[in-house]
Amino acid sequence: GRCRQGSAAGDTATGAADRAGRQYSAGVLRMSTLFLKTLRDDPADAEVASHRLLVRAGYIRRAAPGGFSWLPLGWLVYRNLERIVREEMDAAGFQEVHFPALLPREPYEATGRWTEYGDNLFRLQDRKGADFLLAPTHEEMFTLLVKDVVGSYKDLPLSIYQIQTKYRDEARPRAGLLRGREFVMKDSYSFDLDESGLQASYDAHRAAYISLFDRLDLPYVIVSAMSGAMGGSASEEFLAPMDVGEDTFIRCTSCDYAANVEAVETPVPAAIAVDGLAPAVVHDTPDTPTIATLVDFVNGAAETRHPTRDWTAADTLKNIVVKLRHPDGTVEPLAIGLPGDREVDMKRLEAQVAPAEPEPFGDDDFATYPSLVKGYIGPGVLGADNTSGIRYLVDPRVAEGTAWITGADRAGNHVINLVAGRDFAADGTIEAAEIRDGDVCPECGSPVEIARGIEIGHIFQLGRKYAEALGLTVQDEHGKPVVPTMGSYGVGVTRCLAAIAEAGHDDLGLVWPREVAPADVHVVIAGKADGPQIPAGEQLAAELEAAGLRVLLDDRYGPSPGVKFKDAELIGIPTIAIVGRGVADDANPTIEVKDRATGERQDVHLTDAVAHLTTISH
Ligand code: ATP
Ligand code: MG
């Protein structure tokens, strides 16, 4: 074997690590033998750059819907990323454990998640007909393991984690590694005696995530989040702000408020005294089934015109009916009242009604509720106490004393000045209206800006839900049993790999940060079969490797220099060293060193090459 000074991790059959632990394949990686095929064209099913480029550059291949196989270059990057995540967790004092993904139903039944997880859960049976699942996340199992092992308050606080494959039957597996059905997550769980302990554990995880994402050079925004299917209270997400992300968040333009739109709370306007407000009047408004036709009509007719200004869509109250499908299979209609200038944001609605799922209210459904007149639905028939009996939740802007133009529950009729709290009452409020650029910040009132992001991490204060459901207690200092309070913290490891590729690519291909790159230097031999480039390139690669750098050597005979350069750009190793015409100059032999990220090129004397490349690689 080769001797590498100070090498921390020992060589293994498949690979080894440099002094910093970075993974490389034992020996110089050679393009001539590497299990790799680069593609000139984009795969047809790839919607986003990371997916397109990871496939084209020979890192991953699609194996199943939402499932990918890793080729050597991809696996080197994956293992680097996994190592960095592990180092950061270990540095924070969290201990690594490992669970199976194939789990029995019972613990998930005990917390209600066997059902609540809905269609996203992969359920299966063993040969005896016993129910199993492929775990989407592991709160139950960590709780049970701690129950098994920990007995006393003296063992707390405790934070444990694993890096493991998760399974979710995502409705829309898309964008390659960004949303898989089988993906790797680092999931941590904290156990504390009380709220202040939980806060300290939460803060420790938050700090570890900041350190991790800083190290990965991933841009991120920390936003307030909904806790979703997890249950629990305080929760924040780390979003990498990129347009390909599926999360939408807002950021205040003046204070430091930032939130996932799912978690944004609309400022509630102050109640208006209803005394003295004009009475509600029903008008004939023929052919006005949409907000636009309604606004045109009421502005156009003398008896409906506003006394001092034009009506706008924001003056109308639109009532949308959806069906909620609960995890137990029951279906319930729900009416949502919101200002007519805003649409229902399905993701906000889904977050509010989870674990139930909203579905469209179709013509068949209208037929079973004859008091609902399509296009003219008003609060008059809505609400638990009204003729339809349909639960009615309104946007927080529909506050006491606000007056609205809304449906009169008869075809071609609307009512003007229907006042909330005087003429109708809802069963509650709901945060389902879309959030817009320029909306007011709930903290300071300044305008907010809206952007999209990739959720790369999520931290939750779970509380006692899981510990209670699974009977986890520890003895306190008086010997009395107490229920610990928990936190749960996730990083999408494979998703982060794709996010790094999204953040660092250009028209030519991938651009890896050095720490996760599959090699430090890509040595490209660009010369004829009998030229001096081959021995010079071979020697350079061997010397770089001996100096502790991770090297990919393009030693292929067939492809032209042009093809080799294209492949090097596509593969995205941070430094490209071209051994070409320059080495033939006996008086002054040089190689060309190119920085993949900046495109800067520099001629370096052959005798200085190893020192130069070593310096820029550290
Ligand atoms: P999303 O809203 O994107 O579906 P989630 O909120 O359901 O994600 P969590 O349960 O918070 O996900 O999981 C922790 C982390 O695991 C997420 O922050 C994300 O980085 C990653 N993750 C979740 N689902 C997937 C997936 N289908 N593919 C890849 N990574 C995922
Ligand atoms: Mg999440």
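This report looks at salt bridges in a predicted model.

## The overall count

Let's start with the whole picture: searching the entire structure turns up 44 salt bridges.

## Arg30 and Glu538

Arg30 and Glu538 join their side chains in a salt bridge, with an N to O distance of 2.8 Å. Arg30 belongs to strand S3 (residues 29-30) and Glu538 to helix H12 (residues 533-546), so this contact ties together parts that are 508 residues apart in sequence.

## Arg206 and Glu236

Here a helix meets a strand. Arg206 pairs with Glu236 in a salt bridge whose closest N and O atoms are 2.9 Å apart. Since Arg206 sits in helix H6 (residues 195-215) and Glu236 in strand S13 (residues 235-241), the pair ties together parts that are 30 residues apart in sequence.

## Arg391 and Glu332

This pair links two strands. Arg391 and Glu332 form a salt bridge, their closest N and O atoms lying 2.9 Å apart. Arg391 is in strand S20 (residues 391-394) and Glu332 in strand S18 (residues 331-339), so the bridge ties together parts that are 59 residues apart in sequence. Arg391 counts as partly exposed, with 33% relative accessibility.

## A network

Finally, salt bridges also link Glu47, Glu170, Arg174, Arg179 and Glu246 in a network.

How values were computed
Residues are numbered from 1 along each chain as its sequence is written. Chains are lettered from A and ligands numbered from 1 in the order in which they are written. This is a predicted model: local features need pLDDT of at least 70, side-chain atom pairs count only at pLDDT 80 or more; totals for chains, interfaces and linings use all residues. Side-chain values use heavy atoms; hydrogens and water are left out. A salt bridge is a side-chain nitrogen of Lys or Arg within 4 Å of a carboxyl oxygen of Asp or Glu. Helices (H or I, at least four residues) and strands (E, at least two) are DSSP runs, numbered from the N terminus. Buried means under 20% relative accessible area, exposed over 50%, partly exposed in between (1.4 Å probe, protein chains only).
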